[in-house]
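Me: I would like to learn how to read this structure. Could we start with a term and then move on to the cases?

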Amino acid sequence: MTQEELKTPFTPNWCPGCGNLNIWAAFKNAAVQEGWDNTNTALVAGIGCHGHILNFVKLTSFEGLHGRALPVASGIKMANNRLNVFAHVGDGDCLGEGGNHFVHSARRNHDITVLLHDNTLYALTTGQTSPATERGMKTKSTPAGNPDDPVYPLAWAIASGATFVARAYSGHMDKLMNLIIEANNHKGFALIDILQPCVTFNKVCTHAMYQQNTYYLGDDYDPTNKKEAFMKAYEFGEKKIPLGIFYREEKPTLEEGYVQIAEKPLIDNEPKLEGLTDLFKKYT
Amino acid sequence: MVNKDNVVSVKIGGPAGTGVKSVGLMLAKIAARSGYQVFDYIEYPSLIKGGHNVMQVNFSTEKVTAPRAKSDLLIAFDQITIDLHFSEIEEGGGIIYDSESKADLSKVDKSISLYGIPLKKLAHEAGEKTIFLNIVALSSALGLLGGNNETFKKLIEEEYGSKGEDIVNADKKAADLGYNYVLENFKDDLRDYMKVIDSFSSPTPYMVLTGNEAAALGAISAGLQFAAIYPMSPISNILHVLAANQEKFGYIYKQPEDEISAINMSIGASYAGARSMTATSGGGFCLMTEAYGLAGITETPLVIVEGMRGGPATGLPTWSGQGDLRMVLHSHQDDWPRIVLTPGDVQETYELTAKAFDLADKYQTTVVVLIDKNICENDETMMFPNVTDLKIDRGKFIKEKVEDYKRYELSEDGVSPRSIPGVGNFFIANSDEHDEYGYSSEEIENRNIQMKKRMQKLITCAQNDMPNPEVFGPEDADITVVSWGSNKGSILEALKSFSNVNYVHVTWMNPFPTEFLSNVLSKAKHVVDIECNYTGQLADIVREKTGIEIKDRFLKLDGRIIYPAEIIEKLNSVEGVKKI
């Protein structure tokens with residue numbers, strides 16, 4: 001599909017400067033470059049500002065419930081493993097409400113790509129603390145400062161068994177685009193934690209902050225070393241926010257384990273009703 | 001032993017883990033293979049170990065639909081079984097027990113025959129393991145009832161063949177030892193209650209299975225492609241059957257991390273085009289509630305089997321209940337066309353589960369198959385289904401690219417053309433209110449027409465697919481019983497005692513057969529509602545829909561099955577009832 005063909009009748013309603021705009025553009029660029037279209041791709045989203053993206057990309061999609069995008073995406077992949085399946089999720093959405101699904105989807109190594117729109121707070125509900133909000137940050141729900149430590153999504157993903165774990169900054173659109181393509185090419189559960197400023201409600205995690213404090217993991221970094229990756233995933237601070245691929249591992253996906261779909265997708269399997277008589281006989 | 005009313009009841013009791021259920025099921029299968037219809041009833045408390053299990057196997061040349069308060073023969077594997085159940089033996093019945101145990105039978109009525117058999121000793125003679133004790137006990141019962149030991153031995157070969165020749169041979173030896181012991185030692189007590197019925201042709205037209213198994217087989221018969229089910233009593237056996245047969249039939253069963261994931265995965269798979277289901281009990285359904293309406297607004301076909309136990313919360317985990325009717329009809333915010341079916345026995349569970357998949361696809365919505373634990377876990381005979389008759393109706397399902405495709409296109413019947421990802425058609429299956437393409441829309445006019453379009457599907461379904469409830473007994477009866485679920489069996493049994501009582505069996509709760517029920521109930525002089533919940537949930541729905549208030553409600557909420565005797569007693573108290 002061309003950029004023109006990916007257009008829908010709707011213009012994004014995100015705030016000017018919102019990181020979602022960059023993610024949207026990077027995703028569309030990746031789709032054009034890789035030929036993701038309505039014959040080979042399905043998108044899923046949770047609920048939050050990120051979820052609006054489905055209305056602005058003309059790729060067949062499922063807008064699910066807050067926190068529940070990953071089981072829907074997993075179900076799609078098991079039913080049709082021919083599809084590229086992308087789950088757009090938010091930090092409150094996926095790490096809070098959907099935390100259990102995040103852990104277990106990673107553990108099972110479904111062959112899906114999870115794009116975590118991480119603005120470290122709840123933006124659609126006008127700025128409350130999220131599981132990714134740093135300790136001490138003042139939000140509408142924590143006016144005296146967030147008393148909780150944040151989750152480290154990358155560490156959480158690695159510990160859960162994800163086989164491709166990366167971080168991007170929404171402002172670096174080309175790098176983000178390449179990472180999205182690489183994550184989709186990876187066989188297995190791929191997570192990109194995308195740092196994206198909420199320009200309206202988040203006065204701490206701003207474009208300027210990310211631009212000043214992020215750096216890319218270099219050639220000397222070995223993303224196959226799980227222990228190193230785990231340590232790296234906890235690195236977050238002044239001049240110390242790593243970007244790039246933290247961890248990758250080649251491991252059979254869940255879908256590869258099913259002989260039922262080894263030859264063709266589940267939805268193309270004709271019901272094998274001829275075996276029913278033998279099955280019924282077991283109950284005589 | 002005497003066989004007063006053409007139904008023979010054998011009760012088997014013992015500590016959990018002694019194979020009470022497997023002995024009972026084998027007895028049931030031998031009866032079915034000999035030409036009898038069977039109804040099994042199982043009770044077990046929710047204890048981890050050392051609990052007391054009991055199973056009653058009832059068989060007859062006629063259809064058996066209910067357990068009986070008293071049994072003709074008791075197979076007691078321990079003293080507790082004797083102590084708890086000796087008073088539930090018919091006058092003139094018998095007890096099989098281990099003659100070499102120090103059984104205390106002093107309280108047993110003199111009319112009961114005592115069949116002391118050296119079960120353990122004979123089991124050791126057959127092989128070194130005491131697991132053969134069950135076989136000895138069962139073959140002893142077969143000997144007394146005139147059952148066919150060769151049928152039993154053939155069953156042993158089929159069921160235990162995978163355990164190796166040594167085990168099978170020892171099992172068969174145990175069967176001979178028990179059978180012959182009875183023939184030699186209780187010559188005057190041998191009956192022909194279980195003899196092979198001559199006119200009965202082989203292969204058997206009867207299957208013996210539980211409602212759980214029937215639901216799983218119904219799903220497979222309907223061309224199931226995807227199921228995600230989290231274990232929970234009393235539906236876990238559905239997933240056991242589905243898990244074991246997935247590779248052979250080409251569908252996927254997945255155990256997810258929780259019920260929320262179960263239903264969302266199933267919705268995802270269904271959205272992608274797979275015939276999908278999930279199953280749970282009331283507590284799990286609470287977790288599914290959120291996504292229940294997601295399937296509704298995205299118009300994603302989904303079958304949910306809900307097996308009821310007593311609640312709220314953990315409630316009565318191993319006992320039955322019918323308290324979830326209102327929940328499946330009303331839980332989740334706002335309205336969508338939710339189809340709710342309530343089978344009343346194993347056969348109906350098989351048929352309605354298979355039907356549920358067609359309804360889900362035709363109306364692109366949720367279909368709940370609501371069964372109670374008694375249906376889930378009790379075995380019954382069911383006619384062997386005719387596999388060549390099976391047809392699959394996927395409704396308005398498009399797998400080709402079409403111009404200007406509209407997923408939620410307006411239509412007279414409310415049903416829009418359904419496509420799937422990967423075939424070239426763009427659409428959004430959207431949990432937000434949406435326009436015909438699926439784009440989010442909060443416009444007033446769009447909201448009104450999309451809501452109306454969805455709700456129209458229920459009207460279409462009622463017109464095209466909903467049958468009238470079945471009425472059993474005389475059409476012009478003075479007294480009408482209304483009920484649903486597993487109560488059906490005991491009500492049908494009780495009906496045999498009266499000449500002017502009929503029974504309306506409700507299997508469609510939404511859409512609801514309002515007009516039919518209005519007519520039937522307004523004709524009756526007196527109506528009795530029978531349910532296993534506190535408020536009479538169906539009776540209240542009848543009032544809501546028809547305006548008819550059923551004041552006479554016979555409600556049971558202790559988790560136990562309703563016995564025919566209880567219903568007979570209840571009906572005896574109704575003025576104008578005529579006994580046969």
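Reply: We start with the salt bridge: a side-chain nitrogen of Lys or Arg within 4 Å of a carboxyl oxygen of Asp or Glu. This is a predicted model. In it, the side chains of A:R68 and A:E97 form such a pair, with 3.6 Å from N to O. The two residues come from distant parts of the chain: A:R68 is in the loop between β2 and α3 (69–79) of chain A, A:E97 is in helix α4 (residues 91–97) of chain A, and they are 29 residues apart.

Me: How many salt bridges does a search of the whole structure find over all chains?

Reply: The search gives 42. Between chain B and chain A the count is three. In a salt bridge between these chains, the side chain of B:E257 meets that of A:R108 at 2.8 Å, N to O.

Me: How many residues of each chain are in contact where chain B meets chain A?

Reply: Contact is taken here as heavy atoms within 4.5 Å. By that rule, 68 residues of chain B are in contact with 59 residues of chain A. The area buried between the two chains is about 5,100 Å², and carbon and sulfur atoms give 65% of it. In chain B, the residues that lose the most area to chain A are B:F249, B:E257 and B:Y439, which together account for 12% of what that side buries. B:E257 is also the residue that meets A:R108 in a salt bridge.

Me: What is the count of residue pairs in polar contact between chain B and chain A, and which elements of chain B supply residues to that side?

Reply: There are 24 residue pairs in polar contact, both residues being at pLDDT 80 or more. Several elements of chain B each supply at least two residues to the side that touches chain A, among them α1 (20–33), α8 (236–249), α9 (259–271) and β18 (428–430). α9(B) gives the most, with eight residues. By class, this side of chain B has 37 nonpolar, 20 polar and 11 charged residues.

Me: In which sense does β18(B) pair with strand β2 of chain A, parallel or antiparallel?

Reply: Two strands count as paired if DSSP finds at least two bridges between them. Strand β2 (residues 61–63) of chain A and β18(B) have three bridges and run in the parallel sense. Within this pairing, A:E63 has B:N430 of β18(B) as its bridge partner.

Me: How is chain B divided into domains?

Reply: Chain B has domain 1 (7–199), domain 2 (209–389), domain 3 (397–464) and domain 4 (470–572). Take domain 1 and domain 4 of chain B as the example: their centres, taken over C-alpha atoms, are 36 Å apart. Nine residues of domain 1 of chain B are in contact with nine residues of domain 4 of chain B. The area buried between these two domains is about 650 Å², with 61% from carbon and sulfur atoms. On the domain 1 side, B:Y41, B:T65 and B:P67 lose the most area to domain 4 of chain B, together 58% of what that side buries.

Definitions and conventions. Residues numbered from 1 in each chain as written. Chains lettered and ligands numbered in written order. Predicted model: local features only at pLDDT ≥ 70, side-chain atom pairs only at ≥ 80, totals over all residues. Heavy atoms only, no water. Domains from an automatic or database assignment. Buried area = accessible area lost by both parts, 1.4 Å probe. Polar contact = N/O pair within 3.5 Å; in protein donor to acceptor, adjacent residues only side chain to side chain. Helix = DSSP H or I, 4+ residues; strand = E, 2+ residues; numbered from the N terminus. Nonpolar A, V, L, I, M, F, W, Y, C, P; charged D, E, K, R; others polar.
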